[in-house]
Amino acid sequence: MSRKSLVNLISNTDKDYATDFLSSLEYTITKRDVLDTHPSSCSMSPSSMKCTRAMAMKLAGVAKDEGKNSPSLVLICKNGSDTHQTLQEYMAGMKELGIDCDYLDVAKYVEDHKLNLRIGKRCDFENKEFETHLYDDEKHISFLCDGIIKYKGHIMIVEIKTMPNSRLFAIKKDPSQIAKYKRQATAYSLLLGIPEVMFLLQGRDLCMLHTVIYKPTAEEKQALLDDIAMCNDYVSRHMIPAKPSDINKSECAYCAYRKTCSKHEDEFTLD
């Protein structure tokens with residue numbers, strides 16, 4: 001065998017090993033995602049309140065569409081979670097540098113203000129666990145709170161979002177585009193009794209940061225309360241409401257109940 005042929009053989013062998021390793025790694029990423037994912041609770045969550053049908057399906061425990069996450073999607077979610085913790089750690093450390101900012105213990109805030117919320121997993125600042133799991137058992141809502149800060153005497157809920165740079169730039173240019181998340185902000189404000197929600201945004205590509213404050217109106221809060229009550233009423237009767245006529249089709253593209261929803265345009269009874 002010539003030297004050139006031998007080099008090509010070794011190169012191809014290395015390439016096969018590299019390709020095989022990558023396939024094995026991607027399998028591990030997706031498999032671990034399935035194994036590490038806990039079953040969804042039968043409750044509504046602020047992040048799923050853009051659509052009343054999705055709210056009701058989640059509350060009723062309707063099975064999500066079967067699908068296989070790509071390694072890229074798993075890593076985007078994982079990196080988003082890691083970003084949350086990193087930014088929360090920096091916010092919690094601002095006071096040490098003499099900045100007038102307190103990163104509050106959410107569970108203590110709930111207790112001190114006698115809010116009608118049940119506390120699940122508490123934050124543990126010493127072990128860099130910054131989120132608090134809260135439940136509204138009457139409304140059947142559960143949620144993780146990214147944080148509450150008191151900055152220069154002003155108390156705000158903090159909601160961290162990671163997103164493509166293109167979306168971040170669009171929001172910087174036109175802050176009204178944060179309306180995509182207004183129902184989530186409205187839910188947080190309503191449940192925690194705090195008027196303002198500060199979105200802390202980070203672009204995935206260049207890690208640029210931006211902030212937008214959203215203050216839900218009384219009308220927005222009442223509309224959400226009405227939708228929550230409607231969903232609870234439907235599910236109590238073992239039914240799912242009709243698909244909202246005003247839902248943005250872009251929201252449907254990533255809905256976990258898309259296949260089930262497509263079978264029923266009108267309200268339907270659960271099996």
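Let us begin with a pair of strands: β7 (residues 197-203) and β8 pair in the antiparallel sense, with six bridges between them. Within this pair, Met198 stands opposite Ile213 of β8. Please keep in mind that this is a predicted model.

Both strands belong to an open sheet of five strands, ordered β1-β5-β6-β7-β8, with mixed pairing. β1 (101-104) and β8 (209-214) stand at the edges with a single partner strand each, so one side of each has no neighbour in the sheet. On average, neighbouring strands here are turned by 30° against each other, direction ignored.

There is also an open sheet of three strands, in the order β2-β3-β4, where the pairing is antiparallel. Its edges are β2 (118-119) and β4 (141-145); each has a single partner strand, so one side of each is left without a neighbour in the sheet. Two bridges join β2 to β3 (residues 132-136), and Arg118 has Tyr135 in β3 as its bridge partner.

| Helix | Lies across | Angle |
|---|---|---|
| α3 (residues 71-92) | β1, β5, β6, β7 and β8 | about 150° to β6 |
| α6 | β3 and β4 | about 100° to β4 |

Of its 13 lining residues, Lys50, Arg183, Ile247, Asn248 and Glu251 lie nearest the centre. The lining divides into four nonpolar, three polar and six charged residues.

Terms used. Residues numbered from 1 in each chain as written. Predicted model: local features only at pLDDT ≥ 70, side-chain atom pairs only at ≥ 80, totals over all residues. Heavy atoms only, no water. 1 Å grid on protein atoms, 1.4 Å probe; cavity = no way out; pocket = protein on both sides within 12 Å on 5 of 7 lines; lining within 4 Å. Nonpolar A, V, L, I, M, F, W, Y, C, P; charged D, E, K, R; others polar. Pairing = 2+ DSSP bridges. Helix = DSSP H or I, 4+ residues; strand = E, 2+ residues; numbered from the N terminus. Contact = heavy atoms within 4.5 Å. Axes fitted to C-alpha atoms, helices over the stretch in contact; angles between N-to-C directions.
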